[in-house]
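Morning, everyone. I'll take a few minutes on one structure. Please have a look at it first.

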Amino acid sequence: MLSREEEAAVGKDDLEVRREDQDKINKFSRLHQREMLLEDDLKSRAKEKEDLEEISNELELADEDEKVPYKLGDAFIMLPLPEVQQLLSKSTEKIERSVSATENKLGDIREEMNSLKVELYARFGKSINLET
């Protein structure tokens, strides 16, 4: 014979998945995919920012009168050192703003995912796995 806890667990395993439950599960899945894409994007932007900072540090050692190559699109052009440093600074600031915006989006997505987790775990208990 089954104990009361086991009977309750058996009953929960047989819960019918309603349309709204499936919609929530699908939404959680889409949010999880977006979260992973944004995390990858953050990693690549962090690497890009690190590279720009490293280049800026290297250029501090260069001669002020020297022209240095600067990549614009697919081509390199020779520009005066102060102008290149200014362009690198602007690029770094642009990346920082982009990282901040991406982190905000990521926070919103995680907040929504947690809300969906609470709702779905309340309905399905241990019979659903939403751990990412």
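A term before we start: two residues are in contact when they have heavy atoms within 4.5 Å of each other. And a caution: this is a predicted model.

With that term in hand, take E66. Leaving out residues up to four places away in sequence, E66 touches L79, P80 and L81. Where does E66 lie? In the loop between α2 and β1. Buried or exposed? Buried would need under 20% relative accessible area, and exposed over 50%. E66 has 38%, so it counts as partly exposed. Now look across to P82. E66 and P82 are 16 residues apart in sequence, yet their C-alphas are 9.4 Å apart in space.

Next, the inside. The largest nonpolar core has 22 residues. L59, V84 and L88 have the most contacts within that core. Which elements give two or more residues to it? They are α2, β1 and α3. The largest share, 11 residues, comes from α3. Pick out L59. With residues up to four places away in sequence set aside, L59 touches V68, L81, V84, Q85 and L88.

Last, the largest pocket. Its space comes to about 340 Å³. Its lining has 18 residues, and L52, Y70, K71, L88 and S91 lie nearest the centre. At least two lining residues come from each of α2 (19-59), β1 (67-72) and α3 (81-124). Here α3 gives the largest share, with 8 residues. What is the lining made of, by class? There are 11 nonpolar, 2 polar and 5 charged residues.

That's my tour. Over to you.

Technical notes. Residues numbered from 1 in each chain as written. Predicted model: local features only at pLDDT ≥ 70, side-chain atom pairs only at ≥ 80, totals over all residues. Heavy atoms only, no water. 1 Å grid on protein atoms, 1.4 Å probe; cavity = no way out; pocket = protein on both sides within 12 Å on 5 of 7 lines; lining within 4 Å. Points joined across faces, edges and corners; volume = space filled by probe spheres on them. Helix = DSSP H or I, 4+ residues; strand = E, 2+ residues; numbered from the N terminus. Nonpolar A, V, L, I, M, F, W, Y, C, P; charged D, E, K, R; others polar. Core = buried A, V, L, I, M, F, W, Y, C linked by side-chain atoms within 4.5 Å. Buried < 20%, exposed > 50% of the residue type's maximum accessible area, 1.4 Å probe, protein only.
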